[in-house]
Amino acid sequence: MRKVRKSSKLAFAPFAFEVNGEEYWDIVFAFNEQDAMERSCIDEESVISTSRLPDFDMYWQLGYVPPQVLIEDHGWRYECVNCYTEVNWYFEDDEGEPLKPVFVGRNAFCSSECCNQWDSY
């Protein structure tokens with residue numbers, strides 16, 4: 001019989017951390033900075049910094065911070081999952097045209113049309 005070791009990676013962690021890499025960032029829920037780096041999708045060798053984000057601790061049970069919260073309340077920017085248009089807090093595209101973004105789970109879309117196109121794949 002094989003013994004299975006319990007891992008902290010399987011446990012829910014209540015503290016939000018931002019892990020910044022050379023090209024990407026990630027928000028993970030972990031117990032401490034080392035645990036955050038291990039849980040992040042960023043390769044540990046590429047990690048530049050790790051910092052606590054206590055404002056986002058309330059989302060630990062969800063497992064992610066909703067993009068709408070990051071964009072509207074904290075000024076972050078996302079790319080539309082379908083067409084890569086920037087979705088930002090002022091909801092305009094690069095030409096200043098108004099966007100009507102749609103948020104589905106972890107995804108941000110610049111419009112309902114893009115969301116529908118994505119759903120049809």
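D35 is buried, with a relative accessible area of 5%, where buried means under 20% relative accessible area, exposed over 50% and partly exposed in between, for a 1.4 Å probe and protein chains only. The model is a predicted one, in which local features need pLDDT of at least 70 and side-chain atom pairs count only at pLDDT 80 or more, while totals for chains, interfaces and linings use all residues. Residues are numbered from 1 along each chain as its sequence is written, and side-chain values use heavy atoms, with hydrogens and water left out.

The structure holds 2 salt bridges, a salt bridge being a side-chain nitrogen of Lys or Arg within 4 Å of a carboxyl oxygen of Asp or Glu. In one of them, the side chain of D35 meets that of R39 at 2.9 Å, N to O, and both residues lie in helix α1 (residues 33-39), 4 residues apart, or about one turn of the helix. R39 counts as partly exposed, at 22% relative accessibility. A salt bridge also joins the side chains of R52 and D57, again at 2.9 Å, N to O; here R52 is partly exposed at 33% relative accessibility, whereas D57 is buried at 17%.

Helices (H or I, at least four residues) and strands (E, at least two) are DSSP runs, numbered from the N terminus. Strand β1 (residues 15-21) pairs with β2 in the antiparallel sense over 6 bridges, pairing being assigned if DSSP finds at least two bridges between two strands. The two strands, β1 and β2, form a hairpin with 3 residues between them, and V19 stands opposite D26 in β2. Strand β2 is mostly covered, with 5 of its 6 residues buried.
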